[in-house]
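Trainee: I am new to this structure and would like to learn how to read its features one by one. Could we go through it together, with the general idea before each case?

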There are 2 protein chains.
Amino acid sequence: MPSEFDLIRRFFIRPTQHTLLGAGDDAALIAPTPGCELAISTDLLVEGTHFLGDTAPFDLGWKTLAVNVSDMAAMGATPRWATLAAALPAPTLDWLDAFSRGFFACAEAFNVDLIGGDTTRGPRTFCVTIMGEVPRGQALLRSGAQAGDSIWVSGTPGRAALGLAHLQGRIALTEPHLGQCLAALHRPQPRVALGLALRGLATAAIDVSDGLLADLSHILTASSCAAELHIPHLPPAGLARDGYLSGGDDYELIFTLPAEHRAAMATLAVELDLPLTCIGVITPAKPDAPGTFALHDDQGSPITPTRHGFDHFL
Amino acid sequence: MPSEFDLIRRFFIRPTQHTLLGAGDDAALIAPTPGCELAISTDLLVEGTHFLGDTAPFDLGWKTLAVNVSDMAAMGATPRWATLAAALPAPTLDWLDAFSRGFFACAEAFNVDLIGGDTTRGPRTFCVTIMGEVPRGQALLRSGAQAGDSIWVSGTPGRAALGLAHLQGRIALTEPHLGQCLAALHRPQPRVALGLALRGLATAAIDVSDGLLADLSHILTASSCAAELHIPHLPPAGLARDGYLSGGDDYELIFTLPAEHRAAMATLAVELDLPLTCIGVITPAKPDAPGTFALHDDQGSPITPTRHGFDHFL
């Protein structure tokens with residue numbers, strides 16, 4: 001049986017593409033691109049809180065990196081480098097092999113170099129720190145939305161939450177919907193191409209990790225404004241609607257657009273092969289309730305969401 | 001009782017000194033200094049493996065950052081930014097307050113901005129990723145040692161291990177030695193000023209986290225060479241010698257110097273108020289045993305160390 005150090009080297013050291021010095025010294029070395037700012041985000045995933053213990057290790061490896069790549073997408077940054085720290089309770093060779101293949105499948109899909117890490121025995125926990133680059137001053141923040149901007153969301157929020165509800169026996173999905181929802185849950189696709197395309201167009205952006213309404217609220221609060229939402233084809237009241245409005249773990253992007261860029265979205269949706277849906281408009285903040293929104297159905301009747309955010313992804 | 005989110009904001013959001021956008025968006029934004037490379041390192045600390053559950057939270061906060069700052073010192077990099085991810089089991093206000101004060105005491109001492117993080121419930125675990133800057137091509141690697149270079153160590157290795165042995169009842173230290181050893185264990189002082197001073201002088205460097213001989217071996221392996229060690233004033237055989245040679249958690253620097261820079265060390269030791277001790281010389285690798293060293297006492301008799309690395313710091 002090889003030592004744990006050998007296992008790490010075997011499964012987690014791969015050639016890097018744009019890194020001066022990768023894992024193996026006291027630190028990695030990178031050369032930031034002149035004229036760019038560096039976007040940095042970190043996520044901690046703990047078994048039992050962020051993932052089920054029986055999650056397939058390939059999926060877990062993919063998702064561990066994907067949720068961080070999604071933060072780069074939401075900033076309009078190009079993902080470039082990541083570190084991975086892992087606590088593991090006596091992993092098997094098969095488990096490590098599958099986890100690392102999932103992690104690197106995501107790394108290769110988004111051109112991310114794994115440049116360092118740390119491993120130890122302990123309750124299964126993963127911490128990824130990701131770094132990306134964005135030309136100076138062009139990052140998409142949460143704080144730039146303006147009254148009059150339209151509000152957009154990519155893809156179909158709620159699928160990950162419905163996939164989880166299916167696995168938990170709370171609903172019974174059928175194909176092809178089942179496959180779509182499980183794919184959304186297990187292999188989220190960070191919207192990097194969309195984030196890059198929105199540079200210079202969107203006034204604010206965030207990724208949907210806590211739920212559509214909860215994450216939109218973060219934009220409203222950071223931008224000191226409110227919103228009127230009219231969501232086309234919103235599912236009828238029930239689990240599907242709750243998932244759409246409040247399901248976490250989707251990693252779609254919510255973004256706001258000034259009027260002059262609205263027309264560009266139809267072309268962009270075709271180019272990216274990704275639905276882009278206008279779900280409302282930014283309004284001036286109400287002095288007594290900043291960061292709030294009003295939501296209406298197709299008939300104009302107000303909707304009161306039953307919850308503002310699914311529990312994480314358990 | 002404030003929410004966990006409010007607690008984080010209260011204890012872990014402080015003004016930054018050299019950061020474009022700190023915590024609170026999908027990612028932080030920094031502007032790397034033109035002409036510099038970025039050094040990046042990450043460490044995962046798990047209760048029961050890397051620290052005792054009853055460690056004073058101020059000390060734990062200090063050490064969580066300090067061990068990462070030490071990696072910057074070992075690269076000759078100026079520490080600049082860090083992220084902190086923490087899993088915590090229902091922390092009390094007092095605990096969080098003391099931990100954050102210890103963390104920021106270290107951050108302020110070494111001019112590090114905390115730029116982001118993540119928190120969740122779970123078994124007590126901390127993951128810090130640190131970023132520092134070093135002028136292009138000047139980083140101190142493990143791989144540059146050359147036959148004929150002298151080998152140096154800062155400070156007094158072994159104190160942290162002896163402090164731990166005292167706490168575990170395996171030895172009984174007395175003052176002032178006890179205080180020195182507990183300080184080394186609980187408030188390690190990363191040798192940043194030394195690392196910066198060694199740019200352009202040292203051919204290789206590493207920090208002592210696993211033990212003097214174990215970490216020296218990393219230099220020898222990375223540099224494809226061997227070493228002859230003659231350690232002045234090495235303690236007699238016993239726990240003190242084992243601690244000096246193999247105690248981890250000291251965060252002193254081991255470095256190698258070409259002959260022409262040897263004379264600079266006396267002045268540097270005075271300037272930094274830090275002992276710098278020559279402990280041997282780099283020799284050509286033996287073809288059948290690269291990365292090995294021979295160790296002799298003051299009388300020239302060979303010493304066989306009893307162990308090559310203390311267990312971490314438990």
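Mentor: Let us begin with a definition: two strands count as paired if DSSP finds at least two bridges between them. Please keep in mind throughout that this is a predicted model.

Trainee: What is the order of the strands in the open sheet of five strands?

Mentor: In general, the strands of a sheet pair through backbone hydrogen bonds, either parallel or antiparallel. Here the order is S1(A)-S2(B)-S5(B)-S3(B)-S4(B), and the pairing is mixed. The edges are taken by strand S1 (28-30) of chain A and strand S4 (113-121) of chain B, each of which has a single partner strand, so one side of each is left without a neighbour in the sheet. On average, and with direction ignored, neighbouring strands of this sheet are turned by 20 degrees against each other.

Trainee: Which strands does helix H2 (residues 57-75) of chain B lie across?

Mentor: Helix H2 of chain B lies across S1 of chain A together with strand S2 (36-46), S3 and S5 of chain B, and it runs at about 30 degrees to S5(B). H3(B), for its part, lies across S3, S4 and S5 of chain B, running at about 160 degrees to S3(B).

Trainee: Which strands does S8(A) pair with, and in what sense?

Mentor: Strand S8 (residues 225-230) of chain A pairs with strand S10 (residues 276-284) of chain A in the antiparallel sense, over five bridges. S8(A) is also joined by four bridges to strand S11 (residues 293-296) of chain A, and these two run parallel.

Trainee: How many aromatic pairs does the structure hold over all chains?

Mentor: To read such a pair, one looks at the angle between the ring planes, where under 30 degrees counts as stacked, over 60 as edge-to-face and the rest as tilted. The structure holds 16 aromatic pairs over all chains. One of them is formed by Phe51(A) and Phe126(A), which is tilted, with 5.8 Å centre to centre and 45 degrees between the planes. Phe51(A) lies in the loop between strand S2 (36-46) and helix H2 (57-75) of chain A, while Phe126(A) lies in strand S5 (residues 125-135) of chain A, so the pair ties together parts that are 75 residues apart in sequence. Both Phe51(A) and Phe126(A) are buried.

Trainee: Is the pair of Trp95(B) and Phe126(B) stacked or tilted?

Mentor: The ring centres of Trp95(B) and Phe126(B) are 6.3 Å apart and the planes stand at 5 degrees, so this pair is stacked. Trp95(B), in helix H3 (residues 93-109) of chain B, and Phe126(B), in strand S5 (residues 125-135) of chain B, are 31 residues apart, and the pair links distant parts of the chain. Trp95(B) and Phe126(B) are both buried. In chain A, one aromatic cluster is formed by Phe12(A), Phe51(A), Trp95(A), Phe99(A) and Phe126(A).

Trainee: Why is helix H8 (residues 239-246) of chain A described as largely enclosed by the rest of the structure?

Mentor: The general idea is to ask how much of each residue remains accessible, with under 20% relative accessible area counting as buried. Six of the eight residues of H8(A) are buried, so the helix is largely enclosed; among them are Arg241(A), Tyr244(A) and Leu245(A). The cover over the buried residues of H8(A) includes strand S6 (150-154), helix H4 (159-167), helix H7 (212-223), S10 and S11 of chain A.

Trainee: Is Trp152(A) buried or exposed?

Mentor: Trp152(A), whose place is in strand S6 of chain A, has a relative accessibility of 7% and therefore counts as buried. Leaving aside neighbours within four places in sequence, Trp152(A) is in contact with residues including Leu253(A), Phe255(A), Met265(A) and Cys278(A).

Trainee: How many helices and strands does chain A come to as a whole?

Mentor: Chain A comes to nine helices and 11 strands. Its radius of gyration is 20 Å, close to the 20 Å that the globule rule gives for 314 residues, so chain A is as compact as a globular protein of that length. Of those 314 residues, 57% count as buried.

Key:
Residues are numbered from 1 along each chain as its sequence is written. Chains are lettered from A and ligands numbered from 1 in the order in which they are written. This is a predicted model: local features need pLDDT of at least 70, side-chain atom pairs count only at pLDDT 80 or more; totals for chains, interfaces and linings use all residues. Side-chain values use heavy atoms; hydrogens and water are left out. Rings of Phe, Tyr and Trp (its six-membered ring) pair if their centres lie within 6.5 Å; planes under 30 degrees apart count as stacked, over 60 as edge-to-face and the rest as tilted. Buried means under 20% relative accessible area, exposed over 50%, partly exposed in between (1.4 Å probe, protein chains only). The radius of gyration is taken over C-alpha atoms; the globule rule is 2.2 Å times the number of residues to the power 0.38. Axes are lines fitted to C-alpha atoms, for helices over the stretch in contact, and angles run from 0 to 180 degrees between N-to-C directions. Contact means heavy atoms within 4.5 Å.
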